[in-house]
Amino acid sequence: MQFSRSPLYIAMAALSTAALVSTPVLADEQSDKMEIIEVHGKVSDADQIIGQAQMAQLQANDLGDIFRSQAEVSVGGSNPIAQKIYVRGLEDTMLNVSIDGALQAGYLFHHQGRLTIEPELLKQVDIVAGAGDATSGSGALGGAIRFLTKDASDLLSGDEQFGGNIKLGYYGNSEGFKASLTAYGHINDNWSGLVTVLKRDTKDMEDGKGNIIAYTASEQEVGFAKITGELSNTQTISASYDMRQDNGTRLLRAHWHPSRKNYALPQESERTTSTINYTYNPNDALINLHLNVFDTENFITHAHPLHKGVQNTYHAVYDSTGFDLRNTAQLSNTKIVAGVDYRSDEAKLQNIGTNAETEGLEKGKVFGLYVQNYIDITAQFQISTGVRYDNYELVDDNGVTMNSNGFSPNINMSYAITNAFSLNAGFAQALRGQKVKELFVLGYYDNDINLKEEQANNFEVGFKYLGDRLTVTGNVFDSTIKDAVSTVKNNDSIEHTLLTNVGDIENSGYNLQARYRFDDASINLNYNHSKPKWENHVNPALSGTAISDQDWSIGTSSGNTLTAGINYTVSDDLEVSWNSRFVQRLTNSGVNVWSNQALPEKAGYAAHDLQATWYVMGSEELVVEAAVKNIFDKFYYDHATYAALGPVDSGLAEPGRDARLTLVWKF
């Protein structure tokens with residue numbers, strides 16, 4: 001089918017109406033800021049981030065590129081449509097993921113990814129590892145990821161009123177191209193706007209052995225618009241609309257290779273996200289109100305071919321609507337954030353064809369109240385404590401109503417021994433009640449009528465050394481998730497399509513991160529050791545074993561990971577960087593849920609990328625961005641990708657060498 005709301009059509013119409021012209025941001029003075037995953041057990045709620053300067057430097061094209069330098073984060077799937085994010089081994093389904101505050105709650109299909117975002121639109125990505133502050137939202141068992149998009153103020157500099165740029169990019173591995181137009185500027189003294197339109201077409205990728213990775217070609221269109229204004233000297237508002245389409249002929253199970261059970265079929269997908277953010281900040285230390293209202297719709301269609309006289313087309317839609325209203329009060333030595341949030345989810349699967357096999361409708365909602373206090377006990381000692389209450393309600397596709405509720409407390413402390421060196425420690429809980437199922441199991445999977453809520457507990461201790469040139473941070477964590485929800489295979493007493501509380505997860509590990517800054521260069525090192533496992537499981541064969549690729553919507557296990565990066569400013573006109581990711585061989589990768597036999601080990605690997613940015617005319621007027629991803633053409637499987645197990649359920653190798661070139665013309 002053809003979508004009636006083409007993002008190119010909508011964004012071009014907005015562009016014509018606004019008559020704005022713009023440019024994207026290149027490297028700025030924030031580019032030397034160390035990007036580290038947030039370590040809880042500290043007072044500040046300011047996340048350590050991946051900034052837009054680093055994403056521009058990485059020349060990010062997909063989720064894998066965005067998080068490539070973060071040792072604590074893995075992105076598996078190879079094929080962009082199949083990519084899933086894992087933080088400390090836990091899948092993004094266990095995290096709260098948002099775009100400008102709009103929660104991305106939908107789970108489309110366990111054989112492909114559920115998150116889509118265009119890196120060119122982003123100004124920063126916040127990553128919260130593990131259950132954290134009460135402000136992280138409901139159900140954040142494994143933490144949170146917050147994508148924040150650019151607005152006109154991020155792009156305007158000095159006395160600029162308007163600006164514009166055109167980007168043209170080429171990808172050698174997939175013989176693909178990207179073209180984008182971004183426009184921004186001041187409408188008047190109080191209002192500004194930004195519009196981006198983008199199109200990307202790629203052919204099938206090749207792995208490091210030169211083999212075609214079949215059915216990875218895609219056609220993507222992106223339209224984005226944001227308007228920001230001051231209603232008064234105490235009120236600001238912004239509204240954004242983001243649409244992304246991704247169409248192509250894909251394998252039914254996009255993260256597996258072709259087989260007799262994994263055939264190709266036409267697929268169309270679309271995500272639209274609308275947000276409104278309003279702030280009221282009078283000259284009063286006790287009042288700083290912020291309201292976020294959002295709606296996200298994920299749509300996907302599978303057109304199954306004629307087989308034995310049966311031909312079906314599946315239409316699946318997941319819609320999430322909600323708000324977050326919070327106030328920040330600043331006292332003499334205390335900051336108090338208190339708020340209320342709400343989200344309503346609806347999942348619908350329709351099967352239109354000669355044999356309607358599965359379809360269904362589910363509705364869920366969650367209401368939360370929260371408060372978080374940040375207290376400066378002394379100049380050296382800070383403490384943060386908070387709690388949230390969440391109430392869940394689900395009406396599943398069998399008409400069964402389920403309810404659950406509970407409190408999630410947290411406490412974090414930080415003590416500065418010197419101006420540069422501090423210690424921190426903390427504990428946090430998170431609760432998640434019964435939730436709407438993934439789209440493509442509606443009408444097929446059933447909920448256990450005695451399904452209990454899941455609860456995460458996260459303990460951390462760590463340190464920070466922030467010197468003039470040297471920065472070193474580290475932490476040790478121990479996390480558990482009680483009553484994790486999944487299905488059980490190879491068990492005669494439990495139907496394999498029943499969603500139930502299967503057991504408890506334990507995840508212990510540590511992180512070390514270091515950066516040293518020279519006058520014209522910097523060196524970054526990040527190391528992660530995470531080993532999520534089943535502390536106990538209703539299948540005794542899985543108790544004590546590593547979380548595996550077969551634990552759908554739970555997570556997976558990866559070898560110890562080290563990332564290293566070198567950034568060097570050759571001259572005022574030329575910047576180069578080298579980034580490497582080393583992953584150690586994993587000998588214990590879990591147990592096959594169908595046979596109770598040990599899964600094969602995952603081979604270690606090292607992948608290297610080279611990037612360069614050339615300011616041709618000594619300014620941002622004309623910029624050439626060049627990169628070689630996987631420069632040594634390494635053949636490997638990312639540990640977060642479904643492992644190569646057999647003739648049917650084998651994952652996809654990562655792309656081989658990929659030479660990229662992008663021209664940026666500012667006008």
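Helices here are DSSP runs of H or I with at least four residues, and strands are runs of E with at least two, numbered from the N terminus. Counted that way, the chain comes to four helices and 33 strands. The radius of gyration is 24 Å, close to the 26 Å that the globule rule gives for 667 residues, so the chain is as compact as a globular protein of that length. Please keep in mind that this is a predicted model. Below is a friendly tour, from the whole chain down to single residues.

**The chain as a whole**

- Taken along the principal axes, the C-alpha atoms fill a box of roughly 70 × 55 × 45 Å.
- Of the 667 residues, 56% count as buried.
- Among contacts with a separation of 6 or more, 66% are made by residues 24 or more positions apart.

**The mixed open sheet**

- Five strands make up an open sheet, and their order is β1-β7-β8-β5-β6, with mixed pairing.
- The edges are held by β1 (49–51) and β6 (102–103); each has a single partner strand, so one side of each is left without a neighbour in the sheet.
- At one end of that order, strand β5 (residues 96–99) and β6 run antiparallel and are joined by two bridges.
- The loop between β5 and β6 contains D100, a residue that has a positive phi of about 55° although it is not a glycine.
- D100 has a relative accessible area of 10%, and because buried means under 20%, this residue counts as buried.

**The antiparallel open sheet**

- A separate entry in the list of sheets has three strands in the order β2-β3-β4, and this open sheet is antiparallel in its pairing.
- Its edge strands are β2 and β4 (90–91), each of which pairs on one side only.
- Four bridges connect β2 with strand β3 (residues 84–87), again in the antiparallel sense.
- Within this pairing, S74 stands opposite Y86 in β3.

**Strand β9 and its partners**

- Strand β9 (residues 162–171) runs antiparallel to strand β10 (residues 176–186), and ten bridges join the two.
- In that pairing, G164 faces A183 of β10 as its opposite residue.
- The hairpin of β9 and β10 has four residues between the strands, and E175 takes a positive phi near 50° there.
- β9 is also joined to strand β33 (residues 658–666), through seven bridges and again antiparallel.
- Opposite Y170 stands L661 in β33.

**The annotated C-terminal span**

- The UniProt record, an unreviewed entry, places the feature "short sequence motif: TonB C-terminal box" at residues 650–667.
- In the model, residues 650–667 are 0% helix and 50% strand, and the end C-alpha atoms of the span lie 48 Å apart.

**Aromatic rings**

- The structure holds 16 aromatic pairs.
- In the pair of F67 and F147, the ring centres are 6.3 Å apart and the planes stand at 70°; planes over 60 degrees apart count as edge-to-face, so this pair is edge-to-face.
- This pair links distant parts of the chain, 80 residues apart: F67 is in the loop between α3 (63–66) and β2 (73–76), while F147 belongs to strand β8 (residues 143–149).
- F67 and F147 are both buried.
- One aromatic cluster is formed by F109, Y314 and F440.

**Charges over rings**

- K209 lies over the face of F635, at 4.3 Å from the ring centre.
- K335 has its charged end over the ring of Y374, 5.0 Å from the centre of that ring.

- N490 has a positive phi of about 60° although it is not a glycine.
- The residue N490 is found in the loop between β26 (470–486) and β27 (498–517).
- With 38% relative accessibility, N490 counts as partly exposed.

Methods
Residues numbered from 1 in each chain as written. Predicted model: local features only at pLDDT ≥ 70, side-chain atom pairs only at ≥ 80, totals over all residues. Heavy atoms only, no water. Pairing = 2+ DSSP bridges. UniProt positions renumbered as here; feature names shortened; annotations may be inferred. Phe/Tyr/Trp six-rings, centres within 6.5 Å; stacked < 30°, edge-to-face > 60°. Buried < 20%, exposed > 50% of the residue type's maximum accessible area, 1.4 Å probe, protein only. Lys NZ or Arg CZ within 6 Å of the ring centre and 35° of its normal. Rg over C-alpha atoms; globule rule 2.2 N^0.38 Å. Contact = heavy atoms within 4.5 Å.
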